[in-house]
Amino acid sequence: MAVSMKNLDPAFQGAGQKAGIEIWRIENFCPVPIPKSSHGKFYTGDSYVILKTTALKNGGLHHDIHYWLGKDTSQDEAGTAAIKTIELDAALGGRAVQYREIQGHETEKFLSYYKPCIIPLEGGVASGFKHPEAEEHQTRLYVCKGKHVVHVKEVPFARSSLNHDDIFVLDTKSKIYQFNGSNSSIQERAKALEVVQYIKDTYHDGKCEIAAIDDGKLMADADTGEFWGFFGGFAPLPKKTANDEPKSTDAAPSKLFRVDKGEMVPIEASSWTRELLDTYYCYIVDCGREVFVWMGRNTSLDQRKAASSAADELLRSTDRSKSHIICVIEGFETVKFQSKFDSWTQTANVAVTEEGRGKVAALLKRQGLNVRGLLKAETPKEEPQPYIDCTGNLQVWRVDGQQKTLLPASDLSKFYSGDCYIFQYSYPGEEKEEQLIGTWLGKSSIEEDRVSATSQANKMVESMKFLPTQARIYEGSEPILFFAIFQSFIVFKGGLSKGYKNYIAEKELPDDTYTEEGLAFFRVQGSGPDNMQAIQVEPVASSLNSSYCYILHSGSSVFTWSGNLTTSEAQEVVERQLDLIKPNMQAKLQKEGSESEQFWDLLGGKSEYPSQKISREAESDPRLFSCTLAKGDLKVTEVYNFDQNDLMTEDIFILDCHSDIYVWVGQQVDSKTKLNALSIGEKYLERDFLHEKLSRKAPVYIVMEGGEPSFFTRFFSWDSSKSAMHGNSFQRKLAILKHGGAPVLNKPKRRTPVSYGGRSSVPDKSNRSRSMSFSPDRIRVRGRSPAFNALAATFENANARNLSTPPPMVRKVYPKSVTPDSGSLASKSSGIAALTSSFEQPPPARQLIIPRSPKVSPDLPKSKPEKPISRQNSVEPIKPKPDTIQEDVKENEAEDEEGLTVYPYERLKTTSTDPVADIDVTKRETYLSSEEFKAKFGMNKDTFYRLPKWKQNKLKMSLQLF
């Protein structure tokens, strides 16, 4: 059913064509557009139609339509608003969900459009109302309810209106008071402060005082005394208060009605199923506080209007005028509606007009024609971005029972499908070094190793005070972020762990663990040298796919195979992967359709194989949920139109992007719950609350407040200073409100983990690429202090690995190019002395680094433990010494100011037994002499103060000056 545009109300012409909110007020039974300057102002005597249009990631538009009814609106206006809502939906294609909104009892979705709140104004255009003019300020009392959005209602200015359960805002001429009922939650108090801010800005031009009054707090301060003075003095409030909430009707069983010629006909059924709903009728599902109207796709406009009127009459006749009415269209039902049925099987997709070039290809394919040309001609989809800096430091362990083994640099990106791995990645964030600790669980790995990997990763995160982001990743469901970190990634069949070997022995299964001389077949995928994978598959022809390249080897025979739908870039990637799997071996190129007999013989003969590229789960529009876990049962509440302010430090939230989910954990959450964050994410995937067919193996990220990575904050307009504040949600927002929006910060002190190899970065991020670099010398870690580096060079783990950055003028470097740097390894006995002496040595000559050929001699020394080293960039300034940080620049610059009071280092450090008094303890380093400053920091003061603040603090911490 559709409405002709000729019959559409002129006020709706062009509506819903772009993202945003459009509002019409009902005047004389006609919708009249409201200008954007008046959005959010609703009058109690009027009825409105509100259209919310949302742009989706897939390029489509989603519509939600609400009709809002003021408490003093006429029944005729309310009926007109309901009818106009149905007409607008039909004109937009009949897919929108329609909501009835009653003043004071609006849905959370509707209130989310107008954060922090809606405070309706007296008056209206109909029934003789007149809009009030500006008048002298009148003292008003409001009650605020809600944890995620706030329902604000004006109540009589009297002591009898107050109670212990809610939060009240008293708006006087010179000051706004927030009274916090003793039974109200911290989150509710914090949300109510947003209402206080709104009242201050709207009715006081941002110029008035703010006071918070705690229930039960007597005349302890002036603000409390002033507040109670407005009510004639303090007096205890009654424990029980009457409220105007409608009696709960949710306990009554739900009822199903079919609407036939405007009449409601009850439907009796022992079990509600989708099959009860006929596409040629409308139905009413009465659930008490919510009444759903289901409209079949083949119903007329008049049928839909009659069903809406019947639902309205149902609520009037049962004195439930404050209940919600929600209208859904067949094929576009909400999850909440579907949950009212015992079983819901989604019928075949409703016919919807489709545009695009794929239409022709689909038609020809059904006719049995070859559509390769069409498929190849399609515009390639935009490559997803990793949203993470890929120049950091990476370390990987293979899990074997309760033990874990650190992988050497040469095997860092080589995983086995029968094993589990833990990876730790340190990288430069926006303001500080960020950490990502994750587990990779192979498809064939045993449960014992999976549990052990998760447990050990949890302990690593806990030992670092929950600062790192944690990831759980399954083989075959890796996100682009994971591939970007590893860059070149290879998955072999079989496994090396004892548990895996024992399992296949017990089950008498063949051990197909990869061997270099055996028969092996790899599918190669990826977009380029910074994102390429080789996945070992069954060595049979049915494993082929026209959209990929492959590597096949057996003994001394090596083949590469290119599908007809592959690009030249894909063929370049297969050459790079071949260089890693079979270096210095000449491969025989096989083109699809012209393969040799030997190639087919190794695969056991020809067979049918697919040509469609393996699809990845696409990232959908993100949705945020507040979570509570009680006795193992997970309950979620959606937060609509979310922003950073919705993330409360006392709670856990899940951000659902379909392809992966993020579990955000507030600082005030207890440690035990923090450790259960991963299980909360897994329960969410299991329950699939949105009925979106979530994969149980979708990547799960655990994000701790204060350590949010860029791949999480991209979903918000993020202000890092807010998540770095201390105190609970209420205390934080009160501090911002009282200090004019200046957050009180509590930045965590971070230390860079010791056992890392380093990846260096170049100034221009757009030119970054990496290659593996092996060195038997010391370790250099990006962003460490000189003192820290000196210790690290002496005591660092011998098997740590480094991925470094070649010079920016070289755009692509083969992954196996090796360029050892020069340097010397200090002995352990001289490690401590190196803290002060190593920085005084003259700088080495600058060395130009040039990547070598892609083929590297296979006889690299592997017997000795290797220690990685970051290459210096040829365009960077000369370094005083390898141990100094990257930002060390010009020497012999102007030293500190003349006449500054100087103290010795031993008296300035935080552990001094004879500390200096009356100094600025946040700037201890300024009291060092120029000579001692240079000896300790390895640079002069001018160079030091040009560093980012967080790096300055890290250097000072390492020297006990912070």
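How many helices and strands are there in the chain?

1. There are 24 helices and 34 strands in the chain, where helices (H or I, at least four residues) and strands (E, at least two) are DSSP runs numbered from the N terminus. The model is a predicted one, in which local features need pLDDT of at least 70 and side-chain atom pairs count only at pLDDT 80 or more, while totals for chains, interfaces and linings use all residues. Residues are numbered from 1 along each chain as its sequence is written, and side-chain values use heavy atoms, with hydrogens and water left out.

2. Of the 962 residues of the chain, 52% count as buried, a class that means under 20% relative accessible area, with exposed meaning over 50% and partly exposed lying in between (1.4 Å probe, protein chains only). Among the contacts with a separation of 6 or more, 69% are accounted for by residues 24 or more positions apart, a contact being heavy atoms within 4.5 Å.

3. Helix α1 (residues 75-91) packs with helix α5 (residues 301-317) at an angle of about 140°, and their axes are 10 Å apart; the axes are lines fitted to C-alpha atoms, for helices over the stretch in contact, and angles run from 0 to 180 degrees between N-to-C directions. The two helices are therefore oblique to each other, since angles under 35 degrees count as roughly parallel, over 145 as roughly antiparallel, 65 to 115 as roughly perpendicular and the rest as oblique. On the α1 side the contact includes Ile-83, Ile-86 and Glu-87, and on the α5 side it includes Leu-301, Arg-304 and Arg-316.

4. His-164 is found in the loop between β7 (151-155) and β8 (167-171), and at 15% relative accessibility it counts as buried. The side chain of His-164 makes a polar contact (a pair of N or O atoms within 3.5 Å; within protein, one must be able to donate a hydrogen and the other to accept it, and residues adjacent in sequence count only if both atoms are side-chain atoms) with the side chain of Asp-215, at 2.5 Å. Leaving aside residues up to four places away in sequence, His-164 touches several others, including Ser-182, Asn-183, Leu-237 and Lys-239.

5. Glu-27, found in strand β1 (residues 20-27), is partly exposed, with a relative accessible area of 24%. Glu-27 and Ser-47 are 20 residues apart in sequence and 8.5 Å apart in space, C-alpha to C-alpha.

6. In helix α22 (residues 930-937), the buried residues include Phe-933 and Phe-937, and the helix is followed by Gly-938, whose phi is positive, near 75°.
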